[in-house]
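Open the model in your viewer and keep the selection panel at hand. The stops below can be followed in order.

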Amino acid sequence: MALATDACTDGDRLRPVRPSSPTVAAAEARRRRPGAGVRRVTLVAAPLTLDLAGRQVATWAYNHTVPGPTLRVRAGEVLHAELTNRLAQPTTIHWHGIALRNDMDGAPGMTQAPVQPGGQFTYQFTVPDPGTYWFHPHVGLQLDRGLYAALLVDDPGEPGAYDQEAVIVLDDWTDGVGPSPEQLQAQLMAQGGMMSGGMGMMGRGASQPLGGAGGQIDYPLYLLNGRPPTDPPTIRARPGVRLRLRLVNAAAETAFRLALGGHRLTVTHSDGLPVSPVTADALVLGMGERYDALVTLGDGAYPLVALAEGKRGQALAVVRTGHGPTPSPDAHPAELDGQLLDLADLHADPQVALPERRPDRTHRVVLSGGMMDGRWTINGRTFDDTVPLPVRQGQRVRLLLINQSMMFHPVHLHGHSFQVQSTTRPGPRKDTVIVRPVRSFAVDLEADNPGQWMLHCHNLYHQQAGMMTTLSYVG
Ligand code: C2O
Ligand code: CU
């Protein structure tokens, strides 16, 4: 396998971009819109007792709510977020999908020292691109608790071809209900990657869109905006309203298949950035992925269902525009089994498509693992032992995502949005993409944001078992 010859040393891996460097200052100035303001927010990560349909569950959350508060900024504004850590562990915040300055990326031990219990850290950066994003910790198994929230970036220039919007954040839930995330991780390590039927573990579940197993953990609950299907949230609107769904999969180990009963979805954005609108009955969101979809609402009460793909269970919301019985917790609208959005259906909107260009540099990213030792690797190495992928500022970089394992992996790159390559029309811009078992394809990106950027599987348990590396360059 051809790893580049000018591979960075470990010293490079731990060298963040200096906040005061002229490169960072120039990049921040380019991102900022003239006259843009500063949006100030405070976030407190702390223990919380969460009510799940009457059951009191101890967990961790931002600002005492699950999901945390939805943050909203305009593209080109500065987000100034003051984090206070009231957890018993160090933490960080990663702003998933945002092409931000490297030193605000929340990668512990790489772009910042983790924020100690009782400590504070101020994240301050310009948010360049409109779209649906989210944030979460980047330490240990914290994401599999209640620490996650949506970050919406409005486009001051967007016409807004919709009347109302709904933010839908999906999660798989075990904390305080089933085994703890730490217990799950210990079991996975003990059993290796093999499917088996232990406590909370999957014994079944093949998924066609995922090309195999839906995952290794059968969660006791699946939540939509922090609520289980027995106590679903209701989205109220008038009939005929054009509703924009902003869908976020914040789960640690579960892909969801989502559909709205009685409606087709017009998908307009993938991972925040626009695509040529395309309709489908249902779509699958891997962990970390986002889609925006438009629906024109009928008159009645409709189930918005997120099925745990290849697992047992689902999350639910009710979209109500009129009379009608409330859908049951196990509602299964026909659309779930209808036409499924395929990655090949998606094409970047010309405004965000990368200009055609031959790659200056190609890196193979081989995903493997799931064998008896429980490790998951990139290019045969776990993260503690990784060789960063070197690139240079200004290069067009191609990543060949090659899945040599028997599970799907939602591969996520920090600080950039790549474009999925296809032989015909340009594919979508994304920052997280599902790679099915024994499949491979290429994604291209512009190396225009120097720093040390994590590239990893967004299955939290795979990431923790080593499936992470670094894209590395200095400005
Ligand atoms: Cu949403 Cu490195 O993660
Ligand atoms: Cu994975």
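Is F125 buried or exposed? F125 is buried, with a relative accessible area of 0%; buried means under 20% relative accessible area, exposed over 50%, and partly exposed in between (1.4 Å probe, protein chains only).

Before going further, note that this is a predicted model, in which local features need pLDDT of at least 70, side-chain atom pairs count only at pLDDT 80 or more, and totals for chains, interfaces and linings use all residues. Residues are numbered from 1 along each chain as its sequence is written, chains are lettered from A and ligands numbered from 1 in the order in which they are written, and side-chain values use heavy atoms, with hydrogens and water left out.

**Aromatic rings**

Rings of Phe, Tyr and Trp (its six-membered ring) pair if their centres lie within 6.5 Å; planes under 30 degrees apart count as stacked, over 60 as edge-to-face and the rest as tilted. Helices (H or I, at least four residues) and strands (E, at least two) are DSSP runs, numbered from the N terminus. Now select Y62, W95, F121, Y123, F125 and F135, which ring pairs link into a cluster.

Next, show the open sheet of 4 strands, in the order 2-1-4-6 with mixed pairing. Strand 2 (55-62) and strand 6 (120-126) stand at the edges, each with a single partner strand, so one side of each has no neighbour in the sheet. Two strands pair if DSSP finds at least two bridges between them. Strand 1 (residues 38-52) and strand 4 (residues 78-85) are joined in the parallel sense by 8 bridges. Within strand 4, T84 is opposite V44.

H409 lies in strand 26 (residues 409-413) and H462 in helix 4 (residues 460-464), so the pair ties together parts 53 residues apart in sequence. H409 is buried at 0% relative accessibility, and H462 is buried at 1%.
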